[in-house]
Amino acid sequence: MTLLEVRDLRTWFPVKKGLFSPVKYVKAVDGISFTLEKGEVLAVIGESGSGKTTLGRTILRLVKPTSGKIVFEGRDITNIPESELRWYRFSTAMVFQDPFSSLNPYHTVQYILEEPLILRGVPPKERAELVVKALEEVRLVPPEDFLKKYPHMLSGGQRQRVGIARALITRPKFVVADEPVSMLDVSIRAEILSLMRSLQSKYGITMMYITHDIATAKYIADKILVMYAGKMVEYGPFRDVIKNPLHPYTQALIEALPDPDPANRFKIRKVPPGEPPSLINPPSGCRFHPRCPYVIKGKCEKEEPPLKEVKRGHYVACWLY
Amino acid sequence: MPPLLELRNVKMYYSTARGAVKAVDGISFKLDKGEAMALVGESGSGKSSLAFTIIRLLPRNVAETSGEILFYDEELGVVDLAKMNEDEIRKKIRWKKISMVFQASMNALNPILRVQDQMIEPLVLHLGLSKAEAVKIAEEALRSVGLASDVLMRYPFELSGGMKQRVVIAMAIMMRPKLVILDEPTSALDVITQANIMNLLKELKAKFDLSYILITHDIALASEIADKIGVMYAGKLVEVAPADVFFRKPKHPYSQKLLAAMPTLREEKTIEYIPGDVPSLINPPSGCRFHPRCPYVIKGKCEKEEPPTKQVEGSEVACWLY
């Protein structure tokens with residue numbers, strides 16, 4: 001069953017330079033399409049400024065889309081007014097990147113977890129039970145030790161567990177997790193992700209995992225969507241894309257990532273120089289062409305490559321294919 | 001041949017309202033000329049504190065420092081950095097012999113000063129060079145990190161994250177130091193930029209015969225550059241081993257857990273977790289500090305006595321199992 005369908009989604013932010021100069025746009029999300037079945041996890045991979053966070057926020061309708069379509073459970077929610085969005089807000093949740101700033105420092109763990117339940121009108125007794133259960137699920141045990149604590153009394157990993165518990169306590173159908181482990185030590189990242197994965201599959205939650213680190217996506221994702229400068233460059237089943245990355249940018253992302261191996265120190269990694277372009281004036285044609293090692297002169301800088309299905313379910317936007 | 005740097009039982013405690021924080025608690029190791037050592041460990045293990053202790057940038061609330069930090073140099077002979085005063089360190093050591101790339105230091109560039117002014121400031125102020133000389137040195141340093149000299153006239157906001165990090169690295173190497181301390185040099189950068197910076201650090205190491213101390217919580221990143229790995233836990237160095245030995249056969253249970261918990265893309269392995277949290281450095285556990293989290297704890301031993309450092313198959317390890 002398809003839970004979420006996103007078609008040619010665009011989110012452009014206007015930037016005004018001078019009084020009479022034309023309005024320019026930061027094209028943060030520029031033509032993204034994908035579908036998610038119920039219970040699937042999609043990893044959205046990209047560098048900073050690629051538009052991945054804006055994509056997540058747009059789908060949750062925290063940012064208004066410029067054009068395109070977002071269909072959730074068969075209902076088009078792209079442009080419906082806030083007053084009719086309550087059911088959608090109640091069906092979705094978000095896990096934020098920074099566990100140090102996304103929890104209110106004046107609230108106890110108990111209240112942080114209770115708040116979404118209060119909003120939904122859950123009676124007090126049931127709330128208390130749900131909070132204890134949620135803490136147990138994220139392995140903050142025994143729960144009594146944590147209920148009365150304030151965020152500053154917890155470690156980064158514990159705070160992020162609270163963030164996850166808060167997102168999942170209302171049993172949402174769809175969750176956007178925006179870099180939930182990037183602020184944590186490498187040694188606890190995999191643990192937090194496996195925890196998210198097990199809760200996600202236990203409750204059949206559909207999820208979008210936003211990250212710049214493909215290695216962590218491996219522990220949670222079924223599908224992968226690679227973004228570069230607001231565009232989707234590759235999309236497909238996670239294993240297929242990792243085993244056989246088609247787009248030169250995806251290949252570079254994988255090549256750039258070290259595995260622990262003492263032989264690494266004798267190698268120079270083959271990664272493209274430079275950094276992602278500005279989203280106000282992105283390069284013409286394929287946006288990756290100035291950094292691409294396989295650029296086809298006269299083609300890549302002129303025409304934008306269309307998204308092509310190369311293998312079943314595996315899409316790439318590149319003139320090489 | 002003597003090493004470049006030798007630490008002997010180095011301690012540094014901070015004083016806080018709740019008691020002394022034993023951030024660096026009896027660390028000893030040697031680093032050779034041209035050698036790169038990675039100090040790995042979770043947040044709060046004292047890695048950064050150790051770096052600040054070596055380069056003598058001690059916090060104001062320091063309660064106690066002891067031990068010897070011997071630096072072997074052709075020009076200065078053997079000097080104990082722990083016994084030098086701030087004036088001597090500033091004139092003879094910092095920038096010239098030992099420099100540091102601080103964590104997130106690319107964001108510490110002054111936004112209202114041109115790159116040139118920030119780069120030449122230590123040269124003019126601390127080392128007494130003329131402006132013309134200093135600019136020449138800065139230009140050359142920029143070239144060796146792959147930046148054009150027109151970057152000198154730019155403001156930090158005109159540069160990308162990777163370029164700013166290159167400027168900071170250029171500053172660290174411009175006086176041709178022997179040792180550069182890198183504190184999480186790529187933690188705020190994207191993966192491809194990170195790989196480019198690591199490539200640059202490898203090239204600079206070979207070109208100038210630099211020694212590095214790389215501080216990171218990412219063991220995979222450490223393997224990009226380290227000839228030797230030091231694992232820190234709660235203010236102690238629990239294992240020091242050559243990279244080839246360490247990645248093949250880590251000895252200390254904490255090192256083993258740290259490697260097993262590492263997410264990897266290519267390797268198929270089941271991830272293991274380290275139960276519990278890093279202990280408080282005010283009241284660290286008795287005996288071996290890892291004993292409350294250790295799967296191989298020996299009752300009646302590990303919680304009572306502190307394990308001495310032993311040589312085991314090419315590694316130095318502090319654990320009662322050996």
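The radius of gyration used here is taken over C-alpha atoms, and the rule for a globule is 2.2 Å times the number of residues to the power 0.38. With 322 residues, chain B would have a radius of gyration near 20 Å as a compact globule, and its value of 20 Å agrees. This is a predicted model, in which local features need pLDDT of at least 70 and side-chain atom pairs count only at pLDDT 80 or more, while totals for chains, interfaces and linings use all residues. Residues are numbered from 1 along each chain as its sequence is written, and chains are lettered from A and ligands numbered from 1 in the order in which they are written.

**Chain B as a whole**

- Chain B contains nine helices and twelve strands; helices (H or I, at least four residues) and strands (E, at least two) are DSSP runs, numbered from the N terminus.
- Along the principal axes, the C-alpha atoms of chain B fill a box of roughly 65 × 45 × 45 Å.
- Of the 322 residues in chain B, 47% are buried. A residue is called buried if 20 or more other C-beta atoms lie within 10 Å of its own, exposed if 12 or fewer, and partly exposed in between, with C-beta atoms placed from the backbone.
- Two residues are in contact if their C-beta atoms, placed from the backbone, lie within 7 Å. Among contacts in chain B between residues at least 6 apart in sequence, 64% join residues at least 24 apart.

**Where the chains meet**

- On chain B, 39 residues are in contact with 36 residues of chain A.
- Four helices of chain B, namely α6 (191-208), α7 (219-222), α8 (243-248) and α9 (253-260), each supply at least two residues of the side that touches chain A.
- The most comes from α6(B), which gives eight residues to that side.
- By class, the side of chain B that touches chain A has 19 nonpolar, ten polar and ten charged residues. Here Ala, Val, Leu, Ile, Met, Phe, Trp, Tyr, Cys and Pro count as nonpolar, Asp, Glu, Lys and Arg as charged, and the others, Gly among them, as polar.

**A:His212**

- A:His212 lies in the loop between β8 (206-211) and α8 (214-217) of chain A.
- A:His212 counts as buried because it has 21 C-beta neighbours inside 10 Å.
- Neighbours within four places in sequence aside, A:His212 is in contact with residues of both chains: A:Ile45, A:Gly46, A:Glu47, A:Ser48, B:Asp190 and B:Val191.
- From C-alpha to C-alpha, A:His212 and A:Met227 are 9.9 Å apart in space, and they are 15 residues apart in sequence.

- Strand β9 (residues 228-233) of chain B is mostly covered, with six of its six residues buried.
- B:Lys228, B:Gly230 and B:Met232 point one way from β9(B), while B:Ile229, B:Val231 and B:Tyr233 point the other way.
- Strand β3 (residues 36-40) of chain B pairs with β9(B) in the parallel sense over four bridges; two strands pair if DSSP finds at least two bridges between them. B:Ala38 has B:Ile229 as its bridge partner in β9(B).
- Strand β10 (residues 236-242) of chain B pairs with β9(B) in the antiparallel sense, over six bridges. Here B:Gly230 has B:Val240 as its bridge partner in β10(B).
- The hairpin of β9(B) and β10(B) has two residues between the strands, and in it B:Ala234 takes a positive phi near 50°.

**Helices of chain A**

- In α4(A), the buried residues include A:Val131, A:Ala134, A:Leu135 and A:Glu137. The buried residues of α4(A) fall within an arc of 155° seen down the axis, so they line one face of the helix; the arc is that of the directions from the helix axis to the C-beta atoms.
- A:Lys125, A:Glu126, A:Glu129 and A:Lys133 are exposed on the other side of α4(A).
- The cover over the buried residues of α4(A) includes α3 (109-119), α5 (144-147), α6 (156-168) and α7 (186-203) of chain A.
- Helix α1 (residues 52-59) of chain A is mostly covered, with seven of its eight residues buried.

**A sheet in chain A**

- Four strands of chain A form an open sheet in the order β2-β1-β4-β5, with antiparallel pairing.
- The edge strands, β2 (24-37) and β5 (75-76) of chain A, each pair on one side only.
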